[in-house]
Structure formats: C-alpha cells, structure tokens
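Thanks for coming. I will go through one structure and stop at a few places in it.

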Amino acid sequence: MKTPALREIRALHDAKTVTVYQAYPASIALAAVEAQQFVPPFRMGRMTWIKPSFLWMMYRSGWATKQGQERVLSIVLERNGFDWALNHGVLSHYDPVVHSNVEQWREAHRGSSVVVQWDPERDLMLRPLPHRTIQIGLRDDAVTRYVEEWTISINDVTELVKSIEEHARADRADQALSMCPAEFPYVAQPAAVERLRIGN
C-alpha cells in the first residue's frame with residue numbers, strides 16, 4: 001500500500017459525490033434523516049464541521065459514545081459543493097508557506113466562510129498515524145450552501161459504527177476494516193492544493 005502524503009484528503013467518493021461524516025445528538029440526527037436535510041434543532045448560525053475520514057469521526061465521537069455525538073451521520077454531497085468548500089477554505093492556523101504574514105492570515109480567516117484543519121489520521125484502534133486528515137468547518141453562507149444545495153442524502157450509520165467497534169475490540173481487525181467505508185485519495189483542484197497545503 002502506498003504511503004499517504006503528509007496532508008492527504010481521503011474520502012469515499014466518485015465522479016459526482018463525496019461522503020462526509022458528522023455526529024449529533026439524536027434530536028438533530030433523526031430529524032435530519034427524516035427530512036433528508038438539516039432542519040431544526042440544527043442551527044444554521046453555528047459552525048459545522050464535516051469530516052471525510054470515517055475513523056477520524058470515530059475518534060472524535062468515541063465510537064458514538066460522547067455526549068451530543070450519539071448518532072453518526074453519513075452525508076453524501078455533490079462533488080462540486082465539496083470542491084467549492086476546498087477552494088474557499090482558509091487554514092485554521094498561520095502557515096508561512098501560504099500566508100505573507102500573520103495579519104494577512106487573520107484577515108483571510110475572518111473573511112472566509114470555510115476553515116480547514118489538518119489533524120492526525122487514526123487507525124482502527126483510534127491511535128494517531130503519521131499523516132493527517134482534513135476537517136472542514138463551515139459557517140455563514142457555506143452552511144447555507146451545505147444544507148440547501150450540496151446535500152444529496154443523509155443516513156444514520158450508528159448501528160454500523162457499533163458493529164465495527166465490536167469487531168475491533170474483539171481483535172477481529174480484518175472484519176472491522178472490511179466494514180469501514182472504502183476511502184481513497186481525493187484530487188483537489190490546483191487552487192485548493194496551494195492554499196490548503198495539500199500533499200507533503
């Protein structure tokens with residue numbers, strides 16, 4: 001298997017769609033699944049973070065056990081919407097390779113509706129790996145686009161999450177991994193590669 005780049009977007013995707021994950025309390029998750037759109041009590045005014053990495057979502061939610069993250073959702077997005085987010089994203093921290101100075105980064109960060117963060121990817125036991133995975137924070141008009149334009153379908157995958165965790169904890173790693181979504185490298189557009197430090 002090829003060693004991943006230091007910063008690599010890996011996702012379940014095809015020519016038209018990209019799948020991301022979020023975790024919510026049942027009140028938000030069940031309403032979203034029923035409506036096939038995020039509806040109240042989901043709040044449009046808050047930043048919402050989408051994650052293409054299934055195992056990073058498992059780490060973040062503690063296999064759907066953390067308070068307020070008891071239901072894991074799989075959200076299929078239009079690929080052009082995901083690309084829009086990447087193309088408008090600003091790194092969550094100052095990076096001298098991308099930004100001329102700290103003030104230039106701060107101004108870009110304040111003015112952007114998309115914030116990108118790179119965190120250590122996780123293995124099946126949720127241990128950190130040497131390479132990083134992307135989190136995309138959406139706010140303001142990006143949240144509106146996410147909810148009203150990009151979302152194709154929303155599915156509750158909590159029962160799948162519990163089954164994978166059960167196999168992982170019972171040392172049935174092969175079976176657990178076979179049930180995880182098939183994620184592979186996502187080719188971002190050139191402007192996003194430069195502004196988000198995608199790659200090494």
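Start in helix H5, which covers residues 141-150. Arg 145 and Asp 141 are four residues apart there, so about one helical turn separates them. The two form a salt bridge, and their closest N and O atoms are 3.5 Å apart. Arg 145 has 27% relative accessibility, so it counts as partly exposed. Asp 141, at 35%, is partly exposed as well. This is a predicted model, so please hear every value as computed from that prediction.

What about burial? Glu 165 is buried, at 13% relative accessibility, whereas Arg 169 is exposed, at 59%.

Why do such pairs come up at all? Side chains of opposite charge can pair when their charged atoms come close. In this structure the count comes to seven salt bridges.

One of them links Arg 197 with Asp 95, with 2.7 Å between the closest N and O atoms. Which parts of the chain does that pair tie together? Arg 197 lies in the segment after H8, and Asp 95 lies in the loop between strand E5 (89-91) and helix H4 (102-111), so the bridge connects parts that are 102 residues apart in sequence. Arg 197 has a relative accessible area of 19%; the limit for buried is under 20%, so Arg 197 counts as buried. Asp 95 is buried too, at 8%.

Asp 140 sits in the loop between strand E7 (128-138) and H5. Its phi is near 55 degrees, a positive value in a residue other than glycine. Asp 140 is exposed, with a relative accessible area of 55%.

Ala 64 also has a positive phi, near 65 degrees, and is likewise a residue other than glycine. Ala 64 lies in the loop between H2 and E4. Is Ala 64 buried or exposed? Its relative accessible area is 5%, so it is buried.

One more backbone item: a cis peptide bond joins Pro 40 and Pro 41, with omega at about 15 degrees. Pro 41 is in the loop between helix H1 (26-35) and E3.

Now the rings. How many aromatic pairs does the structure hold? There are eight. In one of them, Phe 38 and Phe 42 are tilted, with 4.8 Å centre to centre and 35 degrees between the planes. Both of these phenylalanines are buried. They also belong to one aromatic cluster, together with Tyr 24 and Tyr 146.

Another pair is Phe 82 with Tyr 186: the centres are 5.1 Å apart and the planes stand at 80 degrees, so this pair is edge-to-face. It links distant parts of the chain, 104 residues apart, with Phe 82 in helix H3 (residues 79-88) and Tyr 186 in the loop between strand E9 (184-185) and helix H8 (190-195). Phe 82 is buried at 1% relative accessibility, and Tyr 186 is buried at 5%.

The ring of Tyr 59 has charges over it. The charged end of Arg 122 sits 3.6 Å from the ring centre. Lys 66 lies over the face of Tyr 59 as well, at 5.8 Å from the centre.

Eight of the eight residues of E2 (17-24) are buried, so the strand is largely enclosed by the rest of the structure. E2 pairs with strand E4 (residues 71-78) in the antiparallel sense, over eight bridges. In that pairing, Val 20 stands opposite Ile 75.

Last, the largest pocket, with a volume of about 510 Å³. Its lining has 19 residues, and the closest to its centre are Ala 23, Tyr 24, Arg 46, Met 47 and Thr 48. Which elements give two or more residues to that lining? They are E2, strand E3 (48-50) and helix H2 (54-61). E2 gives the most, with three residues.

Notes
Residues numbered from 1 in each chain as written. Predicted model: local features only at pLDDT ≥ 70, side-chain atom pairs only at ≥ 80, totals over all residues. Heavy atoms only, no water. Phe/Tyr/Trp six-rings, centres within 6.5 Å; stacked < 30°, edge-to-face > 60°. Buried < 20%, exposed > 50% of the residue type's maximum accessible area, 1.4 Å probe, protein only. Lys NZ or Arg CZ within 6 Å of the ring centre and 35° of its normal. Salt bridge = Lys/Arg side-chain N within 4 Å of Asp/Glu carboxyl O. Pairing = 2+ DSSP bridges. 1 Å grid on protein atoms, 1.4 Å probe; cavity = no way out; pocket = protein on both sides within 12 Å on 5 of 7 lines; lining within 4 Å. Points joined across faces, edges and corners; volume = space filled by probe spheres on them.
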